[in-house]
Amino acid sequence: MASVVGIDIGNLSSKIGVARHRGIDIITNEVSNRATPSLVSFTPRQRLIGEAAKTAETSNFKNTVGSLKRLIGRSLNDPEIAEYEKKFINAELVDVNGQVGASVNYLGEKQAFSYAQLTAAYLAKLRDTAAFELKQNVSDVVIAVPGWYTDAQRRALLDAATVAGLNPLRLINDTTAVALGYGITKADLPEDPENARNVVFVDVGHSNYSVAVVAFSKGQLTVKSTAYDRNFGGRDFDYALVKHFAKEFDAKYKIDTLSSPKAIFRLTTAAERLKKVLSANSEGPINVESIMNDVDASGSLKREQFEELIGDLLKRFNQPLEQALKASGLTIDQIDSVELVGGSTRIPAIKERIQAFFGGKQLSYTLNQDEAIARGATFACASLSPVFRVREFAVHDITPYSIQVSWDKEAGNPDEDTELVVFPSGNAIPSTKILTFYRQGPFAIDAAYAPNQANLPAGTNPSIGKYTIKGVEKTASGELACVKVKTRLNLHGILNFEGAYAVEEVEKEETVVTGEGEDKKEEKKLVKKIQRKGDYQTFAQYNTTSDQLVNEWTEKEGKMHAEDKLVQETEERKNALEEYVYDMRGKLEDRYKPYAQAAEKEELLKGLSEAEDWLYTEEGEDATKSAYVSRLDALKKIGDQISTRYRENEDRPRAAAALRETCNEFLSQAQNGEEKYAHIEAADKEKVIEKAANTLSWLENQLVRQSEKPKNVNPVITSDEINKRKDDVTFTCAAIMNKPKPRVKTESGTQTPNEGAKDEKMDTDDKAPAEDMDID
Ligand SMILES: Nc1ncnc2c1ncn2[C@@H]1O[C@H](COP(=O)(O)OP(=O)(O)OP(=O)(O)O)[C@@H](O)[C@H]1O
Ligand SMILES: [Mg+2]
């Protein structure tokens, strides 16, 4: 059965939703957290991803990489990286095949990974978390992305998913996912789309701020407008605090905080904590142990001061709201509800601003603000997957940027335009458009973002792709060929060229009816018709990573994943050996004492000591998995005998009692003449009596033999053997005693057929039936 998984990659942390138990669950990771830090860390031994990376971050911050969603699909010289991103990144940024990457110390050498690779490593971790929880392989997913993601960013994320072995059924825009999760659970949406319920969703997260105005009516949602401040979020507030306290601490402690990346890192952690305190309190403390030069720094801040520090940011706050509202064509009183999501909407100053903007309207928190995106993405996955039947809910999303195609003028057609906006901003996704060209030979068209789009991230390479159409020639009658080119903005929000074909006008004889009533006539007429003539050979090239490179990355990721797994398993085997040494030594003096012979005990204790000593040698500290396994196996060879004797001594009486009870039950059934068993023949009952009695005498015999043995030798009879006897008795005797009574004919001669048997037969379909999903 295919998996149904939705992923919200947050800049700080990510959430995973799965569909099961007739609903959607946000799952927990290996340390029982519902959010997993979006970090990948490299060490001399292995990679640490998610929680493990977070734990190691303080001591390994230069080799711990975050900002995955911010940098994937960008290039190193992108001006936004220098302007906004760099100050939040501790690793060294480098170019990897034209994309931005990080250079880290890994396995004892400097290695560079593109952000697509880093994101792939992270997605693979989320995949493992989901697979562990679902106890099945995970491949089908829906991944949420910021609505402002460009074509290149979307393609890069799909590449990362491929490298991680995932199959994204859709990249869904963050706020659209939230809207879907909102709409699909609402039973009271207006029937009439003209009368839709208009909801504004506001998401302020760690790095990003999004607004969407969405119209809901029964069974559908329509995104009316979106607006963003891509560089506005919790991390910017943290940074404002860092700058403030760096100044304060520098003066107070005579240090130079901003000169030390480690000091900045520590201060940032403390600043985030203070920021959260200030959401609930009017004043809060900050303490940074050993910020630098062994100085423990501390201070405090009032909420008003904090709001002053982020004053410049807050001034920008209304702009996306204004922009989205304007583009939606709605007025504030046409807005029915304002829903907040994202961690930073907990900040009072942000809430106040949103409320003030909407004229004091009550803000709504009906959604789980941390998990709404992941839930919505999971709904989207469920509705695209055959596994679940979800209530039909149509999602009409839009693209934020205008895409145009351009081409060289056709010599034979001087009046021809050379460009066309094919998908203007606000165009629906998905959407297909057929472009028509008149050409005398092969030609190419370019797709690119239309110029002068203020909302397009600065530094975005406008070029999206090039499409070459081959084999075009004039028609037989010497006219320009009419070429249709299929372009599609697909479900991921990515532009693709999907084929080119020739059409020609043909004249066909058709029967045409003219006139009415008396004058009605049938005439044969020549009618001009457009007819598809055949596909051209085409070649598409997008501004993206080559398949070959994606394959290389996939292979490399597979290797690194396997190595990480081996390192982890080795660690587990080492711990198992260590634990065995201490556990066994303790038990030998305790509960196992009567079960070990003196020589055995001596040998085992010696083995345990040797293993312990070895574990502390350089060799034992860092050995292979098989070395730990074989040491443990050798110890267990002696130890298991002892522990088995102990366990058998505990289990034997229980097994014997169960066997006795079974035999006695059959004896009584066969002997006491109950009406229930009256139909069973005497000879059969005899068989039962014999089997049960023989088994009982075998058991008592064995138990006597066992009682003559000391505890420190292997048992003559095991609980396993006793259990097998119990199965054997049950098998033989139940077959006889459970024989059904012959049916007596009733007077009318009708007997109710066995309904149960009929029902069972219906379920022979070998396909697992789709599960219904409850969503209310
Ligand atoms: N009580 C709080 N007060 C203030 N800020 C908070 C509070 N709780 C969480 N935050 C902030 O919210 C941010 C995390 O929010 P969220 O989980 O929505 O972000 P994300 O999804 O990881 O990031 P993004 O959406 O930008 O990719 C962090 O900056 C965090 O400090
Ligand atoms: Mg988020």
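1. How do the residues of the shell around ligand 1 divide into nonpolar, polar and charged? Two are nonpolar, 13 are polar and seven are charged. Here Ala, Val, Leu, Ile, Met, Phe, Trp, Tyr, Cys and Pro count as nonpolar, Asp, Glu, Lys and Arg as charged, and the others, Gly among them, as polar.

2. The structure is a predicted model, in which local features need pLDDT of at least 70 and side-chain atom pairs count only at pLDDT 80 or more, while totals for chains, interfaces and linings use all residues. Residues are numbered from 1 along each chain as its sequence is written, and chains are lettered from A and ligands numbered from 1 in the order in which they are written.

3. The protein is divided into domain 1 (5-231 + 317-389), domain 2 (234-315), domain 3 (399-544) and domain 4 (546-742). These bounds come from an automatic or database domain assignment. Between the C-alpha centres of domain 2 and domain 3 there are 57 Å.

4. Ligand 1 is surrounded by 22 residues, and the closest are G10, G205, H206, G234 and G343. A residue is near a molecule if its C-beta atom, placed from the backbone, lies within 6 Å of it. Domain 1 and domain 2 each give at least three residues to this shell. Helices α7 (234-253) and α8 (261-280) each supply at least two, and α8 has the largest share, four residues. Helices (H or I, at least four residues) and strands (E, at least two) are DSSP runs, numbered from the N terminus.

5. Helix α14 (residues 547-588) packs with two other helices discussed here. Its axis comes within 9 Å of that of α5 (residues 151-163), and the two cross at roughly 40°. That makes α5 oblique to α14, and their crossing is right-handed. With α17 (residues 625-671), α14 packs at an angle of about 30°, the axes being 9 Å apart. The two are therefore roughly parallel, and this crossing is left-handed. Axes are lines fitted to C-alpha atoms, for helices over the stretch in contact, and angles run from 0 to 180 degrees between N-to-C directions. Angles under 35 degrees count as roughly parallel, over 145 as roughly antiparallel, 65 to 115 as roughly perpendicular and the rest as oblique. A crossing is left-handed if the near helix is turned anticlockwise from the far one by less than a right angle, and right-handed if clockwise.

6. Two backbone details remain. The peptide bond from I429 to P430 is cis, with omega near -5°, and P430 sits in the loop between β23 (428-429) and β24 (431-439). N97, not a glycine, has a positive phi of about 50°.
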